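Subject: A structure for you to look at

Hi,

Here is the structure I promised to pass on to you. Have a look around it first, and then read on for what was found in it.

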Amino acid sequence: MRKAGAVFLDRDGVINRERGQHTWKREDLEVLPGVGKGISALRDLGYKVIVITNQSGIGLGLYGHKDVEELHRYIHSMLSAEGAVIDDMFYCPHHPSFGKCLCRKPGSLLIERAIGKHQVDVSRSVMIGDRDRDVEAAERVGMRGMLVRANSSLIDTLKEAELIRC
Ligand SMILES: [Mg+2]
Ligand SMILES: [Zn+2]
């Protein structure tokens, strides 16, 4: 089987609006404009689309695994309804003040897991995120990382990365 190129996306600030605080409730979730269109375009080109997100609010006790999983199902169903299928979503539940884990970005464990599970070709992949740690996590596995402004247009980013045209 030929390995697939993948576009890894950070969640908060890339898929949904970064509010400057944790987002775990549906009513606080605003999917940014053009995200569905961008994901569909990537999938049409044969890319896998995989979300990698730090959700330290779990470690802080603000919300639970169930909340994140429920919200991710909701994001998935909203985007699928417009033909934008996310292949997988991975999250780190840990908060750095309670010890160091390998999965919190800039740790690369979640990316490595995704690469193995989805047979990703790192050389044809990119991670897009709004923090230096997103880029650093990608670079740790030898993948290109792209730093974007929080809440900027995914479509514009994908064009700039020359992943999609027009
Ligand atoms: Mg972010
Ligand atoms: Zn972790």
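Let me start with helix 5: what covers its buried residues includes strand 1 (6-9), helix 4 (109-118), strand 4 (126-129) and strand 5 (144-147). Before going further, please note that this is a predicted model, in which local features need pLDDT of at least 70 and side-chain atom pairs count only at pLDDT 80 or more, while totals for chains, interfaces and linings use all residues. Residues are numbered from 1 along each chain as its sequence is written, and chains are lettered from A and ligands numbered from 1 in the order in which they are written.

A few words need their cut-offs. Helices (H or I, at least four residues) and strands (E, at least two) are DSSP runs, numbered from the N terminus. A residue is buried if 20 or more other C-beta atoms lie within 10 Å of its own, exposed if 12 or fewer, and partly exposed in between, with C-beta atoms placed from the backbone. Two residues are in contact if their C-beta atoms, again placed from the backbone, lie within 7 Å.

Back to helix 5

Helix 5 covers residues 132-140, and Asp134, Val135, Ala137 and Ala138 are buried in it. Seen down the helix axis, these buried residues fall within an arc of 160°, so they line one face of helix 5. The arc is that of the directions from the helix axis to the C-beta atoms. Just after helix 5 comes Gly142, with a positive phi of about 75°.

The chain as a whole

How many helices and strands are there in the chain? There are six helices and five strands, and from the N terminus on they run β-α-β-α-α-β-α-β-α-β-α. The radius of gyration is 15 Å, close to the 15 Å that the globule rule gives for 166 residues, so the chain is as compact as a globular protein of that length. That radius is taken over C-alpha atoms, and the globule rule is 2.2 Å times the number of residues to the power 0.38. Along its principal axes, the C-alpha trace spans about 40 × 35 × 30 Å.

Buried residues make up 36% of the 166 residues. Of the contacts between residues at least 6 apart in sequence, 67% join residues at least 24 apart.

A nonpolar core is a set of buried Ala, Val, Leu, Ile, Met, Phe, Trp, Tyr and Cys residues joined through C-beta atoms within 7 Å. The largest one here has 39 residues, and Val7, Phe8, Leu9, Leu42, Ile111, Met127 and Ile128 touch the most other members. In soluble globular proteins, nonpolar side chains tend to be buried together. Leaving aside neighbours within four places in sequence, Ile111 is in contact with Phe8, Ile52, Ala137, Ala138 and Val141.

Is strand 2 enclosed or open? Seven of the seven residues of strand 2 (residues 48-54) are buried, so it is largely enclosed by the rest of the structure. Lys48, Ile50, Ile52 and Asn54 are on one side, with Val49, Val51 and Thr53 on the other. Strand 2 runs parallel to strand 1, and four bridges join the two; strands pair if DSSP finds at least two bridges between them. In this pairing, Ala6 stands opposite Lys48.

Helix 3

Helix 3 (residues 65-80) has 16 residues and reaches 22 Å from its first C-alpha to its last, close to the 22 Å expected at 1.5 Å a residue. The expected span is 1.5 Å times one less than the number of residues. Val68, Leu71 and Ile75 are buried in helix 3. Seen down the axis, its buried residues fall within an arc of 65°, so they line one face of the helix. On the other side, His65, Lys66, Glu69, Arg73 and Ser77 are exposed. The cover over the buried residues of helix 3 includes helix 2 (57-60) and strand 3 (88-92).

Some spots in the loops

Thr23 lies in the loop between strand 1 and helix 1 (35-44), and counts as buried with 21 C-beta neighbours inside 10 Å. Pro106 is found in the loop between strand 3 and helix 4, and the peptide bond from Lys105 to Pro106 is cis, with omega near 20°. Gln119 has a positive phi of about 50° although it is not a glycine.

Enjoy exploring!
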